Each structure stands twice: as C-alpha cells, then as structure tokens.
Amino acid sequence: MTPSAATNLPTTSLTMLAQTAAQWSLTPNEAEVERLLTICNACRYCEGYCAVFPAMTRRLSFAQADIHYLANLCHNCGACFHACQYAPPHEFAVNLPQAMARVRVQTYADYAWPRALGAAYRHHALTLVFALCVGFAVFLLLALLRQGTFIHAPLAGNFYAVFPHHLLVLLFGSVFGFSLLALAIGVRRFWKAMASPQAHTSAPAVAEATHDVLRLKYLDGGHGEGCNETDDAFTLVRRRFHHLTFYGFLLCFASTSVATLYHYVFGWQAPYALSSVPVVLGTLGGIGLLIGPIGLLWLNLRRHPQHGDATQRPMDRGFIVLLLLTSMTGLALLIGRDTAAMASLLAVHLAVVMALFLTLPYGKFAHGIYRSAALLKWAIEKRMPNRLQLGTD
Ligand code: SF4
Ligand code: SF4
C-alpha cells in the first residue's frame, strides 16, 4: 500500500473513504469520522472518557446527522488520541479529536444563518474581525472628531453625553437581536438535523445537560484530572480558563442587564458609582474575560500539533483576541472614565463590542451553543431504551 503524503493514510484506505463518502453523501471530513467511529466502535477502549463513546455504542453505522451530533459532543480534550494504540504512525491513523474538529467547524458554517456569512467567517475570520473592529472604531472616532468631543472636559463617566442612550440602544439592540436570531436559527437547524422521532425532552435531561454545560464536565478527561495539551500529562488548566472566560462573559452580560433594569424600571440613570451592582459585575466579568482568554490563547499557541485542526487556528485566535480586546478596552474605559479621553476610549470599546456581537453566531461562540444542544440530545438519548445493549451508558 502506498501512503498518501497528505493524510498518511494508505491509498486503499483513501479509496474506501471515497466510497463511503459517496454512499452516504458525506464530505471527505465526515467520511473520515465515519471511518474512525467504525474502528472505535469495535475497539471501545475509550468508553469512559466522554459522552461520545457511549453515544457511539448506541449505533452500528453513522449517517451524516450522527456524525454532526458526535462531532459537537466532542470537547477536543485529546484523551482518546493520547490513549489510542491505533494513533499515527499506526496504519489505521486514528486521530478522533482532529477528525471531529474538522467536521465541527464545517457544521458551524452548514447550519449558520445566513449561510454566506457562516462561510465567509469560516474562511476569513481574522480578516473579518480586524476589518470590523477597525471599521467601527474609525467610524465612531470620526463622529467624535466631527462633533468636537474627541478630547473633552471630564464628564464623570457620563457616556450618554457622548453617544445618546437611544442611539446606543438602537445600534446595539439591533445588532444583538440579529445575532440572537442567527444563533437561534442555526441551533434549530442543527437540532432538527439530529432529531429522532422517539426522543422527548424531559426536565431531568435538561437539568443534566445544564449541569454538564455549566461545569464543562467533559473537559475533565473523564477521570477528573483534565485534558492533554502538549503531551501525555493531564491538566485542568483549559477547563479553568474556559470557566473564567464563560463566567466572565456571563457577568458582563449580567452587568448590562442590571443597568438596563436600573434605567427602564427604576429610572436610575448612568453613570453608576464604582460600588454599584452593574459596575462591580462588569469589573469582575472584565477580569475573568481578561485572564480566561489570555490563558486560552497561551494554550492555543502551544497545543500539540495533532490536536484539533490547525487550519482553524486563525478562527479560534480571532475569537479569543476579540474577547481579549473587549475586556481590555472595557477595563481601560473604566479606568479612564473620568478623564478627557473617555469619549475615544468609549468609541473603541463600542467598536470592539459591535464586532464581537456581529461575529458571535459564526465562530467559536457558536460551538458553545451547538455543544450544549449535543449534550442535551445525549441526556435525552441515554434515558431511552438501548436496543443494542453493546456499551455501558
Ligand atoms: S480512539 Fe483508539 S483506543 Fe480509543 S476507542 Fe478509538 S480506536 Fe480504541
Ligand atoms: S477528544 Fe476527548 S471529548 Fe473528544 S472524543 Fe476524544 S475523549 Fe471524547
């Protein structure tokens, strides 16, 4: 057998992949996952690592919807790659996390709404993020120059003296509304594709999936000691940095929500004191959103080259940098809110937040939503009778 330079797979295996792809109308990446799952389903050594393996053992074959479901159930912890006796250089060349990652990123674009934006983000994520940040920042800074407020007398943190409240609500409300709609349509398409007629959502299943999402359960490697990052050693750092990022984001969101309640329900106008609930929540969230993405970027830069899909790294890094810029510009605005530079700090922060909102449905943020949907499906599925009885649920 002649090995292929591109994939290190023997040419006979490549021919089989092409036949499988044609038979199930699978893409080459999906066909590779199908090939690996067929091997894993016979081996089952990794059964206790994560939900992917018990979900896999409920199936004897893998159609496109199964592959999309299992790819989004995978947390890319790397445990099954480091444990696998058939990993490269074995001729089976089993690298399940990498194959899953390639399909996963394809699903973000396949289910995205509008699809053209999903595809554009997939191929040009860094350029898009950079262009949106710079474009919005230049636009807002020019607006400040035009109204003569680029540098101004200190305004005691009164943002609305620079950009009126109703203008900010209109701008950010419409962009955030669009992002929520796009995410909702995307996850609904994904859910419909995975759906099975016998499956019914129940309160215990929702509670279990929520618990697993909030704890990032499967980033513990299945044994509680964590993921593999650069080598065979386990570490919980990725889980910790994910938690800081996730809860930092939620605290920032809570801060904005409380400020909205203050404004519309109680009639309390910004600026709020440093000790007020919105500012405290925003500061704590900003710190989490600073430390978490710095850690994730550091891990991304030194990750084992065979983990995940190297072609996605610009997209991953684009999102991490955008989160970092959001927290950095937000904290800079907090520090400089009583100075003459407040308006320009605000303009830059608003530009970054606008770019973040616009790209939320198409990249790494979407993976959190799709993964949550996959975890819910697993929580439902495991409560249904297993007609095969071949694995340990
Ligand atoms: S990843 Fe390797 S060791 Fe684990 S179940 Fe699959 S074939 Fe077996
Ligand atoms: S990489 Fe981790 S989460 Fe993904 S299939 Fe392997 S063990 Fe499961």
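Predicted model: local features only at pLDDT ≥ 70, side-chain atom pairs only at ≥ 80, totals over all residues.
Me: How is the chain divided?
Reply: There are two parts. Domain 1 covers 11–110 and domain 2 covers 115–380.

Me: How far apart are the C-alpha centres of domain 1 and domain 2?
Reply: They lie 30 Å apart.

Me: And how many residues of each are in contact?
Reply: On the domain 1 side, 27 residues are in contact with 29 residues of domain 2.

Me: Which elements give two or more residues to the domain 1 side?
Reply: Three helices do: α4 (64–73), α5 (79–83) and α6 (96–110). The largest share is from α6, with nine residues.

Me: What is that side like by class?
Reply: Domain 1 puts 15 nonpolar, ten polar and two charged residues on the side that touches domain 2.

Me: Let's stay with α6. How many of its residues are buried?
Reply: 13 of the 15 are buried, so α6 is largely enclosed by the rest of the structure.

Me: What span does α6 reach, first C-alpha to last?
Reply: It reaches 21 Å, close to the 21 Å expected at 1.5 Å a residue.

Me: Now α4. Why is it called largely enclosed?
Reply: Because eight of its ten residues are buried. Among them are Asp-66, His-68, Leu-70 and Leu-73.

Me: What covers those buried residues?
Reply: The cover includes α2, α3 (52–56), α6, α8 (165–194) and α14 (364–381).

Me: Which residues touch the most other members of the largest nonpolar core?
Reply: Leu-73 is one of them, along with Val-52, Leu-70, Ala-351 and Ala-355. The core has 89 residues.

Me: Which helix gives the most to this core?
Reply: Helix α13 (residues 342–359) does, with 13 residues. The core draws at least three residues from each of domain 1 and domain 2.

Me: On to the ligands. How many residues surround ligand 1, and which are closest?
Reply: 13 residues surround ligand 1. The closest are Cys-40, Cys-43, Tyr-45, Cys-46 and Cys-84.

Me: Which elements give two or more residues to that shell?
Reply: α2 (28–43) and α5 do. The most come from α2, with three residues.

Me: And by class?
Reply: The shell around ligand 1 has eleven nonpolar residues, one polar and one charged.

Me: What about ligand 2? Which residues come nearest?
Reply: Cys-50, Cys-74, Cys-77, Cys-80 and Pro-97 come nearest, out of 15 residues around ligand 2.

Me: Which elements give two or more residues there?
Reply: α5 and α6. The largest share of the shell around ligand 2 is three residues, from α6.

Me: How does the shell around ligand 2 divide by class?
Reply: Twelve residues are nonpolar, three are polar and no residues are charged.

Me: Back to α5. Is Ala-79 buried or exposed?
Reply: Ala-79 is buried, because 25 other C-beta atoms lie within 10 Å. Ala-79 sits in helix α5.

Me: What does Ala-79 touch, not counting residues up to four places away in sequence?
Reply: Ala-79 touches Tyr-49, Gly-221, Gly-222, Cys-227 and Asn-228.

Me: New spot. Where is Cys-252 found?
Reply: In helix α10 (residues 237–266). Cys-252 is buried, with 22 other C-beta atoms within 10 Å.

Me: How far is Cys-252 from Gly-282?
Reply: In sequence, 30 residues separate them. In space they are 4.8 Å apart, C-alpha to C-alpha.

Me: What is Cys-252 in contact with, leaving aside its neighbours within four places in sequence?
Reply: Gly-282, Gly-285, Gly-286 and Leu-289.

Me: Last one: where is Phe-365, and what does it touch?
Reply: Phe-365 is in helix α14. Not counting residues up to four places away in sequence, Phe-365 touches Phe-319 and Leu-360.

Me: Why does Phe-365 count as partly exposed?
Reply: Because Phe-365 has 19 C-beta neighbours inside 10 Å, and a residue needs 20 or more to be buried.

Note on methods:
Residues numbered from 1 in each chain as written. Chains lettered and ligands numbered in written order. Domains from an automatic or database assignment. Contact = placed C-beta atoms within 7 Å. Helix = DSSP H or I, 4+ residues; strand = E, 2+ residues; numbered from the N terminus. Nonpolar A, V, L, I, M, F, W, Y, C, P; charged D, E, K, R; others polar. Near = placed C-beta within 6 Å. Buried ≥ 20, exposed ≤ 12 C-beta atoms within 10 Å, placed from the backbone. Expected span 1.5 Å × (residues − 1). Core = buried A, V, L, I, M, F, W, Y, C linked by C-beta atoms within 7 Å.
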